[in-house]
Amino acid sequence: MQLTLFTDYALRTLTYLALQPDRRLSTITEVAAKFDISRNHVVKIVHQLGVKGYIETVRGKHGGIRLARNSEEINLRDVVSDMENVSCLLDCQREGCLLSSGCRFQGILRKAMRAFLDVLGEFTLADLVKDRDRMCGLLGLGIPTQIL
């Protein structure tokens, strides 16, 4: 399975926010520049992450975005499930496949997807940022003063 760029960027955004000291507000422009992602794309990602309750958005001149929950409470399975269409990996109806009525591949793919998500379910956003000093160094951030 390959994650979509949308999910990849959502995970990068969450990681970036998890590394901010004292739940500091970050901006969409900041995230877009840090990962070289289109600002418009980050707006869509931030909107979806906000709708799903992963981030909080603060409007106004001094507004921005930050995690809505502690990173230990954000499960990777939930994020991937919320950002991806995990219900159908293979579109058997699209091409009018002659094998569709007898094919077992959909069932096999569903089982594989459950296994994939079960492994992701063992980890949280906190696991992604466990080596905070190294992660902050890679992103050019100062060392955080508080672990979120």
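## A walk through the helices

Start by selecting helix α2 (residues 28–35) and helix α3 (residues 39–51): their axes come within 9 Å and cross at roughly 120°. Axes here are lines fitted to C-alpha atoms, for helices over the stretch in contact, with angles running from 0 to 180 degrees between N-to-C directions. α2 and α3 are therefore oblique to each other (under 35 degrees counts as roughly parallel, over 145 as roughly antiparallel, 65 to 115 as roughly perpendicular and the rest as oblique). Now show the side chains that make the contact (heavy atoms within 4.5 Å): Ile 28, Thr 29, Val 31 and Ala 32 from α2, and Arg 39, Val 42, Val 43 and Val 46 from α3. Coloured by class, these residues divide into six nonpolar, one polar and one charged (Ala, Val, Leu, Ile, Met, Phe, Trp, Tyr, Cys and Pro count as nonpolar, Asp, Glu, Lys and Arg as charged, and the others, Gly among them, as polar).

A word on what you have open: this is a predicted model, in which local features need pLDDT of at least 70 and side-chain atom pairs count only at pLDDT 80 or more, while totals for chains, interfaces and linings use all residues. Residues are numbered from 1 along each chain as its sequence is written, and side-chain values use heavy atoms, leaving out hydrogens and water.

The axes of α1 and α2 come within 11 Å and cross at roughly 110°, so the two helices are roughly perpendicular to each other. Pick out Arg 12, Thr 13 and Tyr 16 of α1 with Glu 30, Val 31, Lys 34 and Phe 35 of α2, which make this contact. Its classes are three nonpolar, one polar and three charged residues.

Ten of its 14 residues are buried, so α1 is largely enclosed by the rest of the structure (buried means under 20% relative accessible area, exposed over 50%, partly exposed in between, with a 1.4 Å probe and protein chains only). Among the buried ones are Tyr 9, Leu 14 and Leu 17.

Then jump to Phe 116 in helix α5 (residues 105–120). Phe 116 is partly exposed, with a relative accessible area of 29%. Select Arg 77 too: Phe 116 and Arg 77 are 39 residues apart in sequence and 8.8 Å apart in space, C-alpha to C-alpha.

Finally, zoom out to the whole chain, with its seven helices and two strands (DSSP runs numbered from the N terminus: helices are H or I with at least four residues, strands E with at least two). Of its 148 residues, 35% count as buried.
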